[in-house]
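My comments are set out below as numbered points, for reading alongside the structure.

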Amino acid sequence: MTAYVALLRAVNVGGTGKLPMSTLKAMCEEAGLRQVRTYIASGNVVFMSDADEAQVKSVLEDKLRTYAGKPVGVLVRSAAEMSGVLARNPFADKPGNRTVAIFVDEPLPADALDHARGIRGELMHLAQREAYIFYGDGMADSRLRIPACDAGTARNMNTVAKLVEMTASL
């Protein structure tokens, strides 16, 4: 069995995509996932499964589409991949609540950051399926947009660290 993390897009953010974490946990268990645990209300789930990443993603997206009546994006990473995201954080010396990894499904193009718009002093670093951003002045007033990351979902490094810790305890 593999330990995984699933990150849902646009769940319980700004009053949209309401999904109680107890409901999400139940959906995951109905999908055959084991040792399911959620973390904060923004759609973070850790679990064990014999299925591969694509299978887990597909079954969760199907369950969520049925629940929400519309597509809900799901990004899946193995525990080892999540640990690597944390270990490779190029801004590890910066506050974890102001540093995010934006997770995407497919490898990002090498020029992804060249197309970023609205840059106001943010520091950016490109990885394979993540882009790291340090928001020195915080995210609230940022206008940063990276088109290659539009279908992704961001988690701050504090959350990434907690999810890594949670998968280690499965």
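1. Basis of the note. This is a predicted model, in which local features need pLDDT of at least 70 and side-chain atom pairs count only at pLDDT 80 or more, while totals for chains, interfaces and linings use all residues. Residues are numbered from 1 along each chain as its sequence is written, and side-chain values use heavy atoms, with hydrogens and water left out.

2. Overall fold. The chain has 4 helices and 8 strands, where helices (H or I, at least four residues) and strands (E, at least two) are DSSP runs numbered from the N terminus. Along the sequence these elements follow the pattern β-α-β-β-α-β-α-β-β-β-β-α. The radius of gyration (taken over C-alpha atoms) is 16 Å, close to the 15 Å that the globule rule (2.2 Å times the number of residues to the power 0.38) gives for 170 residues, so the chain is as compact as a globular protein of that length. Its C-alpha atoms fill a box of roughly 45 × 35 × 25 Å, taken along the principal axes.

3. Of the 170 residues in the chain, 43% are buried; here buried means under 20% relative accessible area, exposed means over 50%, and partly exposed lies in between (1.4 Å probe, protein chains only). Among contacts with a separation of 6 or more, 69% are between residues 24 or more positions apart, a contact being heavy atoms within 4.5 Å. The accessible surface (Shrake-Rupley method, 1.4 Å probe) comes to about 8,400 Å², and carbon and sulfur atoms account for 50% of this surface.

4. Why is S5 described as largely enclosed by the rest of the structure? The reason is burial, because 5 of the 5 residues of S5 are buried. Thr99, Ala101 and Phe103 point one way from the strand, whereas Val100 and Ile102 point the other way, and all are buried. S5 pairs with S7 in the antiparallel sense over 5 bridges (strands pair if DSSP finds at least two bridges between them), and threonine 99 has phenylalanine 134 as its bridge partner in S7. S5 is also joined to strand S8 (residues 153-156) by 4 bridges, again antiparallel, with alanine 154 of S8 as the bridge partner of isoleucine 102.

5. Strand S1 and its partners. Strand S1 (residues 2-8) is mostly covered, with 6 of its 7 residues buried. It is joined to S3 by 6 bridges in an antiparallel arrangement, in which alanine 6 stands opposite valine 45. S1 also runs antiparallel to strand S4 (residues 74-78), to which 5 bridges join it, and there valine 5 stands opposite arginine 77.

6. Aromatic pairing around phenylalanine 134. Rings of Phe, Tyr and Trp (its six-membered ring) pair if their centres lie within 6.5 Å, with planes under 30 degrees apart counted as stacked, over 60 as edge-to-face and the rest as tilted; by this rule there are 2 aromatic pairs. In one of them, phenylalanine 91 and phenylalanine 134 have ring centres 6.4 Å apart and planes at 40 degrees, so the pair is tilted. This pair links distant parts of the chain, 43 residues apart, since phenylalanine 91 is in the loop between helix H3 (79-87) and strand S5 (99-103) while phenylalanine 134 is in strand S7 (residues 130-134). Phenylalanine 91 is buried at 9% relative accessible area, and phenylalanine 134 is buried at 11%. Lysine 94 lies over the face of phenylalanine 134, at 5.4 Å from the ring centre; the criterion is NZ of Lys or CZ of Arg within 6 Å of the ring centre and within 35 degrees of the ring normal.

7. Positive phi values. Most residues other than glycine have a negative phi. Glutamine 35, in strand S2 (residues 34-39), has a positive phi near 50 degrees and is partly exposed at 47% relative accessible area. Isoleucine 40, in the loop between S2 and strand S3 (44-49), has a positive phi near 45 degrees and is partly exposed at 45%.

8. Histidine 115. Where does histidine 115 lie? Histidine 115 is in the loop between S5 and strand S6 (123-126), and is partly exposed at 44% relative accessible area. Leaving aside its neighbours within four places in sequence, histidine 115 contacts Arg145 and Pro147.
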